[in-house]
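This briefing covers selected helix packing and charged side-chain contacts. Please read it alongside the sequence and coordinates shown here.

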Amino acid sequence: MSWIDPDFPRTATLTPLVGRVLGLNPGMMTGPGTNTYLIGRRDPVLLDTGAGVPDYVPLLERYLKERGWSQPARVVLTHRHRDHLGGVDQLRERYRGLRVGKLIYRDAGLPEDIEDIRDGQVIEADGATLVAVHTPGHASDHLCYYLAEEKAVFTGDVVLGGSTTVIPAEDGDLADYMRSLRRLQSLDVRRIYPAHGPVIEDAQGRLAEYVEHRLMRERQILKALADGLTTIPRMVERIYAEVPVSLHAMAGQSVASHLKKLAREGRLREHPIADAPSRWELL
Ligand SMILES: [Zn+2]
C-alpha cells in the first residue's frame with residue numbers, strides 16, 4: 001500500500017519536451033509528493049505547483065537554471081486540491097505577474113487572478129501543444145492535458161503511478177470518474193504523466209486496469225449486499241479484509257461512492273438510520 005518512495009528523483013528530464021520537479025510533499029495521499037511538470041523546449045509551461053512547501057521554489061529554480069531557462073512562461077493547474085495549487089502564491093512572489101489558469105468550476109477561495117481554462121482549450125508552449133480535457137470524478141473541476149507531440153496525457157489525480165484514486169464524498173462522483181476514464185481511453189494516448197508517482201508507458205493498459213478495478217469493486221459490493229451485508233462498515237470488513245484497519249475509513253469513502261452511483265442508476269435504495277450507518281437495499 002505504501003507508495004512513498006524516498007528515492008524518487010527530485011528533478012528529472014523525462015523527454016526533450018517534459019521536465020519534472022517534485023513538490024517535496026510526500027505522504028500517504030501524495031506518494032513521493034506532487035509532480036510538477038515543465039513542458040516545452042523554451043519558456044516552459046509549468047503544470048501544477050505542489051503544496052506550497054518552502055523548499056520547492058529553490059528546487060524549481062535550480063532545475064530551470066540547469067536547463068538554461070529563466071522562469072516558467074505560465075502555470076496551468078489540473079484541479080483545486082491544495083497539493084496542486086498550494087504553490088501558486090509563493091511562485092507569484094518569486095515571479096511577479098505569473099499567469100495562472102485552471103478550469104473555474106464550483107470554486108471558492110481561489111488565489112486572485114486565476115484565468116479560466118475551458119474544455120478543449122489549446123495551450124501553446126514552445127514546440128508543444130497542450131489540449132485541456134475536462135475529466136471530473138476525483139474533483140469536479142479536474143482538467144487533464146493532452147500533449148499531442150508525444151501522444152501523452154498529464155492525468156493529474158485521475159490516474160496515478162502507484163495507487164488508485166480517491167473519489168471524495170463531497171466533490172467526487174464515481175459515475176463522472178468512469179466517464180472520464182473512458183474519455184481518456186478514447187484519446188490517441190500512449191504515455192501517462194501522473195500527478196503522483198512515475199511515468200506510465202502503457203497508457204491504454206493502465207486505463208483498462210483502472211476501469212476493471214472499479215467494475216470489480218462494484219461486483220464485490222453487489223455480492224456483499226446480496227449476502228446480507230447492508231451497511232458500509234460491514235461491506236468494508238469483507239471487501240477490504242486484507243487492508244489495515246487504519247485505512248478502512250478511506251475504503252468506506254470508496255464504497256460510499258459506488259453505492260451512490262448504483263443508487264442513482266436505480267439499482268439500490270438507501271435507508272438512513274438515526275445515529276447509525278445507512279442500510280442499503282438491492283432493488
Ligand atoms: Zn486531488
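**Salt bridges and helix packing**

R219 counts as partly exposed, because its relative accessibility is 47%, and this holds for a model that is predicted.

**Salt bridges**

- R219 is joined to E212 by a salt bridge in which the closest N and O atoms are 2.8 Å apart, and E212 is likewise partly exposed, with a relative accessible area of 38%.
- Across the model, the count of salt bridges comes to 26.
- One of these pairs R80 with D171, whose side chains meet at 2.7 Å, N to O.
- R80 sits in the loop between β5 (74-76) and α2 (82-85), while D171 sits in the loop between β11 (152-156) and α4 (174-185), so this pair ties together parts that are 91 residues apart in sequence.
- R80 is buried, since its relative accessible area of 18% falls under the 20% cut-off.
- R80 and D171 also belong to a network of salt bridges that links them with K102, D107 and D141.
- Within helix α6 (residues 232-239), E237 and R234 lie three residues apart, about one turn of the helix, and they form a salt bridge with closest N and O atoms 3.9 Å apart.
- R234 is partly exposed, with a relative accessible area of 43%.

**Packing of α5 against α7**

- Helix α5 (residues 203-226) packs with helix α7 (residues 248-264) at an angle of about 80°, their axes being 10 Å apart, and the two helices are therefore roughly perpendicular to each other.
- On the α5 side the contact is made by R214, R217, E218, I221, L222 and L225, which meet S254, V255, H258, L259, K261 and L262 on the α7 side.
- Sorted by class, this contact of α5 with α7 has six nonpolar, two polar and four charged residues.

**Helix α7 and its surroundings**

- Helix α7 has 17 residues and spans 24 Å from its first C-alpha to its last, which is close to the 24 Å expected at 1.5 Å a residue.
- The buried residues of α7 are H248, A251, G252, S254, V255, S257, H258, L259, K261 and L262, and these buried residues pack against α4, α5, α6, β13 (268-273) and β14 (276-282).
- Just after α7, G266 adopts a positive phi of about 80°.

Definitions and conventions. Residues numbered from 1 in each chain as written. Predicted model: local features only at pLDDT ≥ 70, side-chain atom pairs only at ≥ 80, totals over all residues. Heavy atoms only, no water. Axes fitted to C-alpha atoms, helices over the stretch in contact; angles between N-to-C directions. Helix = DSSP H or I, 4+ residues; strand = E, 2+ residues; numbered from the N terminus. Parallel < 35°, antiparallel > 145°, perpendicular 65-115°, else oblique. Contact = heavy atoms within 4.5 Å. Nonpolar A, V, L, I, M, F, W, Y, C, P; charged D, E, K, R; others polar. Salt bridge = Lys/Arg side-chain N within 4 Å of Asp/Glu carboxyl O. Buried < 20%, exposed > 50% of the residue type's maximum accessible area, 1.4 Å probe, protein only. Expected span 1.5 Å × (residues − 1).
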